[in-house]
Amino acid sequence: MADAGGATVAFLWLYIVYCNVFKIAALLFSVASIVASETKDFAFHAGNPISQPATAKDLRYLLYDVNPPEGFNLRRDVYIRMASLVKTLRKEGDWVLVLPPWGRLYHWQSPDIHQVRIPWGEFFSVTSLQANVPVIEYEEFIAESGGPFVDQVLVLQHYAEGWSDGTWEEKVDERPCIERLMYSKDKQGYYRGWFWGYEETRAINVTCLSAQGHASVLAPFMQSNITATSVMLDRAETVLHDHYAGKDYWDTRRSMVFAKHLRIIGDDFRAKYLNSTDEKDHTDYKEDWRLIKAKLGSAKGGPYLSVHLRRKDFIWGHREDVPSLKGAVKKIRSLMKKHVLDKVFVATDADEEELAKLKRMLPEMVRFEPTWEDLDLLKDGGVAIIDQWICAHARYFIGTSVSTFSFRIHEEREILGFDPKTTYNRFCGDSEKECEQPTHWKIVY
Ligand SMILES: Nc1nc2c(ncn2[C@@H]2O[C@H](COP(=O)(O)OP(=O)(O)O)[C@@H](O)[C@H]2O)c(=O)[nH]1
Ligand SMILES: [Mg+2]
């Protein structure tokens, strides 16, 4: 057990100061031009209304949001679907994807920490995202598009009648809203609702759209029926992946590089407590994700077992595929023995009581335990990413059944070039009969 370390905190302060200077500069000189100069040739440009008024006129913005109860790692998956849709839309127009600020997530419950209106740049490398598809932060959208207004909100929903006639078809139709609308008109006739904690944001128009199929099924509808400059898809998780685990999926997934300060903290921790460095472990990383093409099986990983032990809502329902703590510790011990590893790194969302129990049963476990000050800077999302990063670099990983948190670790390890046998593993429930292991989704370049 260890805290994140003083040097790391000092580094973070420098980083934050740097970010703030950057923000002020952005306000003074127009966000768009800063983005363009920062990204240079590395990325697409999201359009530049100051120096190119002609193209700015045609710029369209796609915004989106996800069902409130959904967690961090499903939201990362929905980003992939939206990136795919924007790529399709861009065949007929200059569309830019607006990154929905992070916040108000059900699991982000650390007390006294401000966790709303968090830009993507705090968790991911936006320059890396831009090398895949043009994206901008929400505040850049406000600055560029002329204010906190969304022209058209389309609330996605299924079909009231379902698809009970037995034939699945892909379709989109404007329909009456099935559920109670989460937007209401104010005195001026604007729609108010949840816009990521930006209370001044309003929508001009809100309608419901029944959609069934993959994300790009929306493209023809949007191209022929919507003329609004900014369009927000709410409940974006309603539409599916265009092609799950295909090349486009992996391109977008690979572009979701964690923010550099989080990777540095994770790497420092690996070196300090787990005797793990990229050089020794053959997990070399390049800043430009397009240059990373690790061969399957080339990564060795640090000399530790890593574990993602999902608890909380996963045990409340006494799910059959989730082990008791006792069962999990038994499995951990047997894996350490089998793979001759004397260290185990544990990432978990266990509550205080369970954690105390786990510590008694597995006193040697190593965890990333941020101080309050660290947490204040990193937020729950940053800590989750550091946990995932450390799990991704272990010689052997075991996760929790159907947890998207574990799935994102699988992908990270796939990118790093681990042998699938060391990655696609999960705990079994204590009395689970057929304990099917996770699917290997092979990376496609
Ligand atoms: N730091 C940390 N947070 C976790 C861990 N497991 C779960 N969480 C938190 O709980 C949330 C789980 O929700 P989600 O991301 O939707 O994953 P899923 O529910 O497991 O599919 C995460 O986003 C984290 O905030 C863990 O091992 N470490
Ligand atoms: Mg979840």
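At what angle do helix α12 and helix α13 pack, and how far apart are their axes? In this predicted model, α12 covers residues 325-338 and α13 covers residues 352-361. The two helices pack at an angle of about 35 degrees, and their axes are 11 Å apart. Their crossing is right-handed. On the α12 side, the contact is made by L325, K326, V329 and R333, while α13 contributes E354, K357, L358 and M361. Sorted by class, this contact of α12 with α13 holds four nonpolar and four charged residues, and no polar ones.

A second helix pair can be described in the same terms, since two packed helices are described by the angle between their axes and the distance between the axes. Here α4 packs with helix α8, which spans residues 247-255. The angle is about 120 degrees, with the axes 10 Å apart. The crossing of α4 and α8 is right-handed. From α4, the residues R76, D77, Y79, I80, A83, S84 and K87 take part; they meet D248, Y249, D251, T252 and R253 of α8. By class, the contact of α4 with α8 comprises four nonpolar, two polar and six charged residues.

A side-chain N or O atom of T404 is 2.6 Å from an oxygen atom of ligand 1. For D387, a polar atom of the side chain lies 2.8 Å from a nitrogen atom of the ligand. F72 takes part through its backbone, with an N or O atom 3.5 Å from an oxygen atom of ligand 1. On its own, ligand 1 has 550 Å² of accessible area, and the protein covers 90% of this.

Methods
Residues are numbered from 1 along each chain as its sequence is written. Chains are lettered from A and ligands numbered from 1 in the order in which they are written. This is a predicted model: local features need pLDDT of at least 70, side-chain atom pairs count only at pLDDT 80 or more; totals for chains, interfaces and linings use all residues. Side-chain values use heavy atoms; hydrogens and water are left out. Axes are lines fitted to C-alpha atoms, for helices over the stretch in contact, and angles run from 0 to 180 degrees between N-to-C directions. Helices (H or I, at least four residues) and strands (E, at least two) are DSSP runs, numbered from the N terminus. A crossing is left-handed if the near helix is turned anticlockwise from the far one by less than a right angle, and right-handed if clockwise. Contact means heavy atoms within 4.5 Å. Ala, Val, Leu, Ile, Met, Phe, Trp, Tyr, Cys and Pro count as nonpolar, Asp, Glu, Lys and Arg as charged, and the others, Gly among them, as polar. A polar contact is a pair of N or O atoms within 3.5 Å; within protein, one must be able to donate a hydrogen and the other to accept it, and residues adjacent in sequence count only if both atoms are side-chain atoms. Accessible areas come from the Shrake-Rupley method with a 1.4 Å probe; for residues, only the protein chains shown count as cover.
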